[in-house]
Amino acid sequence: MKRWVLALCSLFLFGSAAQAQLSLGDLFNSSTVNKVVNAITNNDANLTVADLAGTWRYSAPACKFESDDLLKAAGGEMVASTLKDKLDTYYQKAGITSSRVSFTFADTTMVMNYGSAKLEGYLVKDEPSGKFVVTFTLVGRIPVMVMDATITKNGNTMEMLFDVEKLVNVLTTIASKTQSSTLQSISSLLDGYDGVLMGFELTKQ
């Protein structure tokens with residue numbers, strides 16, 4: 001643990017001349033560094049489907065890079081923060097707002113509301129890998145899209161992250177023509193980044 005913390009400090013200390021002037025105390029008081037450390041160490045390995053029960057409303061875009069390398073993950077959090085700001089504009093144009101988007105979980109069933117449209121499905125956790133798997137369905141339980149979900153939960157706040165292309169495909173099936181065009185623009189925006197996940201920050205109702 002100490003080794004990667006020291007490596008993380010070095011990354012920030014030598015990133016620029018200005019950063020080199022910062023003390024260790026300044027670094028560890030930085031909210032940005034705290035967010036990076038929390039994102040790296042918070043794996044939510046014990047999170048279960050039952051922990052997600054209830055209705056969760058959209059509050060902000062979520063974006064993160066997948067990486068097993070801690071330093072790359074740290075750098076990815078920085079870039080992801082910038083991308084989130086860009087996504088916020090696209091999300092609003094696509095009608096992804098707190099008043100229009102929500103998720104409700106009960107047992108393994110799931111309902112996503114997107115404006116007047118509704119997508120049903122179910123959610124399970126693959127215990128060997130620790131990943132959640134979301135299956136969207138039509139007409140009962142006929143699967144139309146299956147995708148991994150990276151889910152983290154902190155109190156009444158939760159993040160759900162998906163493969164960009166798969167999530168965009170799901171949303172465009174129920175979006176209006178204008179919204180679909182905006183969603184495709186999001187896909188193009190993130191296409192240049194390897195291993196990026198996209199999704200939602202949600203607040204429990």
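S102 stands opposite N113 of strand β3. Strands are DSSP E runs of at least two residues, and helices are H or I runs of at least four, numbered from the N terminus. The model is predicted, so local features need pLDDT of at least 70 and side-chain atom pairs pLDDT 80 or more, while totals for chains, interfaces and linings use all residues. Residues are numbered from 1 along each chain as its sequence is written, and side-chain values use heavy atoms, without hydrogens or water.

Strands β2 (residues 101-106) and β3 (residues 109-114) pair antiparallel over six bridges; pairing requires at least two DSSP bridges. T104 faces V111 in β3. Two residues separate β2 from β3 in a hairpin, and D107 in the turn has a positive phi of about 55°. On its other pairing, β3 runs antiparallel to β4 through six bridges. N113 has K118 of β4 as its bridge partner. This hairpin also has two residues between the strands, with G115 at a positive phi near 65°.

Side chains alternate along β3. M110, M112 and Y114 point to one face and are buried (under 20% relative accessible area, 1.4 Å probe, protein chains only).

The eight strands β1 to β8 form a closed barrel with antiparallel pairing. The largest nonpolar core has 44 residues, of which I96 and F200 touch the most other members. Such a core joins buried Ala, Val, Leu, Ile, Met, Phe, Trp, Tyr and Cys residues through side-chain atoms within 4.5 Å. Helix α6 (residues 164-172) supplies the largest share, five residues.

Conventions
Buried < 20%, exposed > 50% of the residue type's maximum accessible area, 1.4 Å probe, protein only.
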